[in-house]
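Me: I am new to reading protein models. Please take one part and look at it closely with me.

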Amino acid sequence: MADEQGFPRDLVFTRICHVKQGYDDRRRHIVREFERRGVPVYFYTDWDRPDITPEIRNELVAPAFTHPPAVSLALKHVGIWRDFLETDLPYCLVFEDDVFLARDFVAKFRRGLAELGSPARKAVIYLGNGSNYYTPSWKLRKGQRLYPALHARCTDSYLITRPVAEARCAWIEQNKIYTSIDHQVEQMDEKLGIEMLWFERPIVEQGSENGAFQTSISAKNYPRLYKSLKWKWKKYTRMIFGHNARS
């Protein structure tokens, strides 16, 4: 890594799922949040809803998957993986446009990357606390950042290696996208034998879950104060006790 303290730009392809027009509050937030943490800002704006032609739907999307915002977001993730594979970089870091980064994000991210080891490892690291999923406190080990998991967190923030991007893109070409991207990656990664790792404690939080932003995908838009209080309750209890993945 050229810069031993800063973000490893020479190793990591970084993209943020966003849109060409609208959601200006999110764009401003991301620019401010990433610049003050020293993380590069590269928005990915392909595959907005108006861009999705019948041809691209036939190529990549199953007929039964018809929710336009979720289809658009899923295609953005796939588009990022494909663009990543056009580079010679070993790692791909993907964010959605409502994330908050830990104050020491870069330092901890570098430690997690070092712990992962070989870029040939077929693994995904979930950096955030999506759905308030945590490894319970009694399972944490001093100095360990990455913990094997039986399922994904959410797709608001994750790192993948080239073998993962290759396997996912090939799988989608054969089977198509049939559900929201967070469920899609969990289901296909299990079939593909991809390691799912959780970064503990998380270094990213999703603003549409913690009440900072209204969700742009889900049909359920609860008041932000209600979401914030519910999120905090789950967050601190699950950090101690863990969770039931099905709850």
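This is a predicted model: local features need pLDDT of at least 70, side-chain atom pairs count only at pLDDT 80 or more; totals for chains, interfaces and linings use all residues.

Reply: Start with helix 6, residues 181-192. Helix 6 has 12 residues. From its first C-alpha to its last it reaches 16 Å, close to the 16 Å expected at 1.5 Å a residue.

Now look at its buried residues. They are Ile 181, Gln 184, Val 185, Glu 186, Met 188 and Asp 189. An α-helix has 3.6 residues a turn, so residues three or four places apart point the same way.

Just after helix 6 comes Gly 193, with a positive phi of about 70°.

Seven strands form an open sheet, ordered 2-1-3-7-5-8-6, with mixed pairing. Strand 2 (43-44) and strand 6 (146-148) stand at the edges. Each has a single partner strand, so one side of each is left without a neighbour in the sheet.

Three bridges join it to strand 7 (residues 157-161), and the two run antiparallel. Tyr 126 has Tyr 158 in strand 7 as its bridge partner. Helix 5 lies across both strand 5 and strand 7. Its angle to strand 7 is about 95°.

Terms used
Residues are numbered from 1 along each chain as its sequence is written. Side-chain values use heavy atoms; hydrogens and water are left out. Helices (H or I, at least four residues) and strands (E, at least two) are DSSP runs, numbered from the N terminus. The expected span of a helix is 1.5 Å times one less than its number of residues. Buried means under 20% relative accessible area, exposed over 50%, partly exposed in between (1.4 Å probe, protein chains only). Two strands pair if DSSP finds at least two bridges between them. Contact means heavy atoms within 4.5 Å. Axes are lines fitted to C-alpha atoms, for helices over the stretch in contact, and angles run from 0 to 180 degrees between N-to-C directions.
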